[in-house]
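Please look over the sequence and the 3D structure below before reading on. The briefing that follows goes through the points by topic.

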Protein chains: 2
Amino acid sequence: VGQISPWKVLDAKYLYQDQWLQLRSETVLLPNGKKLAPFHTIECANWVIAIAINHEGKIILVEQYRHGVKHITLELPGGTFTDDTEVPEAAVKRELLEETGYASSDWHYLGSSFLAAARMTTRIYAYLAIDARKIADPTPDDGEIIVNREIPWTEFLTGMRSGRVTLHETNHLAGLFQLQLFAAKASDPRIRELLI
Amino acid sequence: VGQISPWKVLDAKYLYQDQWLQLRSETVLLPNGKKLAPFHTIECANWVIAIAINHEGKIILVEQYRHGVKHITLELPGGTFTDDTEVPEAAVKRELLEETGYASSDWHYLGSSFLAAARMTTRIYAYLAIDARKIADPTPDDGEIIVNREIPWTEFLTGMRSGRVTLHETNHLAGLFQLQLFAAKASDPRIRELLI
């Protein structure tokens, strides 16, 4: 077993670039002296996700067709943002409002994680909004066809347990785990009741 | 709001291909009549992850440097596999054995999810192994420098709650949520005690 320490980059170039992603190709030197070439990393934007509970105790979800997996998915509201121009907390409020028309004045940061640490740069930031209120009509991005769904929290959880409700995205399930950790130490009864 | 239904692919080509990924570029027609071009999808392998609890009630973890995020990460054992040659259940047993030397005869399927449904094909399959036993030395892949860590389950959970322990990968947090759903309906006390 070698030592766990950063790799040394001997050479780097971009094989492909567009507005969504950059594909970086490197020659790297590992701490054990082994050279890897090429090693590829996908550079792309970070994401925010919102677990939004409205004033009636319903979770606000979105349903849409996702072409990457050719499947209609049930999802948390959220999306990508550009670190240079927006902080995650502003991005998650914007995405919730755009996709669902909901806003909240009671936001809680749940944590962040790496989507695929080995080969992607993407970091996911998860937030909880409680007592959310509908203040506008959704204004989806060009090309987004989104249907809003509202499910009472308990029905949502029991549905996920039985398989009647499926949340398809890995990072949304991760956000729900971060919520469980957060709710287990919360004192607010509206947050504690979000525990499984 | 248009109808949620699959997009029609008018034209497709590959911009980039290597042994890890293919970048597909398409012209697509949405149900609302809008044309998107180019729409890019990253085609890459599926993954398995193992939440492995040994016979002493400790979770088996791996620590390694991840160049995508340039960070040392604490992770569940797991890895990619090729659908053509391996089923997920065989892949997760192989990965656990390779990375940690552990095996178990008591495996439970926790569920699957999409890593990034909009633009990637990757699906993650999560499994629980209980009463795992160390039967061999780890045999990491070429280039993998991995340190095994074993943490008593309760210490792991309370550490995650307080921030003393960080599991870095989104898909590993998702697996832990799938485990919570599974444990909430389990009758085996060894599984029920994995609840937060």
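This is a predicted model: local features need pLDDT of at least 70, side-chain atom pairs count only at pLDDT 80 or more; totals for chains, interfaces and linings use all residues.

In which strand of chain A does Pro38(A) lie? Pro38(A) lies in strand E3 of chain A, which covers residues 35-44.

**Where chain B meets chain A**

- On the side of chain B, 70 residues are in contact with 70 residues of chain A, and the area buried between the two chains is about 6,200 Å², of which carbon and sulfur atoms give 72%.
- The rule finds 24 residue pairs in polar contact across the interface of chain B and chain A, counting pairs with both residues at pLDDT 80 or more, whereas the number of salt bridges that the rule finds there is zero.
- Several elements of chain B give two or more residues to the side that touches chain A, among them strand E1 (8-17), strand E2 (21-29), strand E9 (107-114), helix H2 (153-162) and helix H3 (170-184).
- The largest share of that side of chain B comes from H3(B), with 10 residues.
- Sorted by class, the side of chain B that touches chain A has 39 nonpolar, 19 polar and 12 charged residues.

**Helix H1 of chain A**

- The buried residues of H1(A) include Pro88(A), Ala91(A), Val92(A), Glu95(A), Leu96(A) and Glu99(A).
- An α-helix has 3.6 residues a turn, so residues three or four places apart point the same way.
- After H1(A) comes Gly101(A), whose phi is positive, near 80°.

**Backbone features in both chains**

- The peptide bond from Ala37(A) to Pro38(A) is cis, with omega near -5°.
- In chain B, the peptide bond from Ala37(B) to Pro38(B) is likewise cis, with omega near -5°, and Pro38(B) has its place in strand E3 of chain B.
- Asp131(A), a residue other than glycine, has a positive phi near 55°; Asp131(A) is found in strand E10 of chain A, residues 123-134, and is partly exposed, with a relative accessible area of 33%.
- Lys70(B), also a residue other than glycine, has a positive phi near 55°; Lys70(B) sits in the loop between E5 and E6 of chain B and is partly exposed, with a relative accessible area of 49%.

Notes. Residues are numbered from 1 along each chain as its sequence is written. Chains are lettered from A and ligands numbered from 1 in the order in which they are written. Side-chain values use heavy atoms; hydrogens and water are left out. Contact means heavy atoms within 4.5 Å. Buried area is the accessible area (1.4 Å probe) that two parts lose on being put together, summed over both. A salt bridge is a side-chain nitrogen of Lys or Arg within 4 Å of a carboxyl oxygen of Asp or Glu. A polar contact is a pair of N or O atoms within 3.5 Å; within protein, one must be able to donate a hydrogen and the other to accept it, and residues adjacent in sequence count only if both atoms are side-chain atoms. Helices (H or I, at least four residues) and strands (E, at least two) are DSSP runs, numbered from the N terminus. Ala, Val, Leu, Ile, Met, Phe, Trp, Tyr, Cys and Pro count as nonpolar, Asp, Glu, Lys and Arg as charged, and the others, Gly among them, as polar. Buried means under 20% relative accessible area, exposed over 50%, partly exposed in between (1.4 Å probe, protein chains only).
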